[in-house]
Amino acid sequence: MDVFPDFGAVGAAAEFRSVIGALMTYVLIFAVLMIIVSAVTWAIAAANGHFQTATRARLGLWIACGAAALAGVGVAWANFLLSVGATL
């Protein structure tokens with residue numbers, strides 16, 4: 001018994017996949033930009049003794065890392081679930 005989502009049942013499924021891929025690309029690009037901005041802000045603030053700004057920049061860095069990880073893991077997780085679903 002094959003259990004697999006019927007992507008052909010949805011109209012314009014190919015366009016849907018390309019839109020999802022483009023959105024994931026934007027998420028990764030913005031996450032990397034946020035990592036760079038937060039790291040630079042953290043370094044400058046820590047060097048100048050602005051510890052509150054450094055703390056907020058560090059938090060932004062971790063949030064950006066989490067967003068990038070979730071975006072990357074989300075695709076792998078979906079592919080894993082689709083492969084597991086095909087073997088059931």
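Guide: Ile35 lies in helix H1; helices (H or I, at least four residues) and strands (E, at least two) are DSSP runs, numbered from the N terminus. This is a predicted model, in which local features need pLDDT of at least 70 and side-chain atom pairs count only at pLDDT 80 or more, while totals for chains, interfaces and linings use all residues. Residues are numbered from 1 along each chain as its sequence is written, and side-chain values use heavy atoms, with hydrogens and water left out.

Visitor: Why is Ile35 classed as partly exposed?

Guide: Because Ile35 has a relative accessible area of 24%. Buried means under 20%, exposed over 50%, and partly exposed in between (1.4 Å probe, protein chains only).

Visitor: What is Ile35 in contact with, leaving aside neighbours within four places in sequence?

Guide: Leu61, Ala64 and Cys65. Contact means heavy atoms within 4.5 Å.

Visitor: Let's zoom out. How many helices and strands does the chain have?

Guide: There are 2 helices and 0 strands. The chain has 88 residues, of which 14% count as buried. Among contacts with a separation of 6 or more, 62% are between residues 24 or more positions apart.

Visitor: Which residues make the nonpolar surface patch?

Guide: Val19, Ile20, Leu23, Tyr26, Ile29, Phe30, Val32, Leu33, Ile36, Val40 and Ile44 make a patch of about 1000 Å². Patches are made of residues with over 30% relative accessible area and no salt bridge; like charges are joined within 9 Å, nonpolar side chains (Val, Leu, Ile, Met, Phe, Trp, Tyr) within 5 Å. A salt bridge is a side-chain nitrogen of Lys or Arg within 4 Å of a carboxyl oxygen of Asp or Glu.

Visitor: Where is Val40 found?

Guide: In helix H1, residues 13–47. Val40 is partly exposed, at 44% relative accessible area.

Visitor: How many aromatic pairs does a search of the whole structure find?

Guide: It finds 1. The ring centres of Tyr26 and Phe30 are 6.5 Å apart and the planes are at 25°, so the pair is stacked. Rings of Phe, Tyr and Trp (its six-membered ring) pair if their centres lie within 6.5 Å; planes under 30 degrees apart count as stacked, over 60 as edge-to-face and the rest as tilted.

Visitor: How many residues apart are Tyr26 and Phe30 in helix H1?

Guide: They are 4 residues apart, so about one helical turn separates them. Both Tyr26 and Phe30 are exposed, with Phe30 at a relative accessible area of 54%.

Definitions and conventions: Accessible areas come from the Shrake-Rupley method with a 1.4 Å probe; for residues, only the protein chains shown count as cover.
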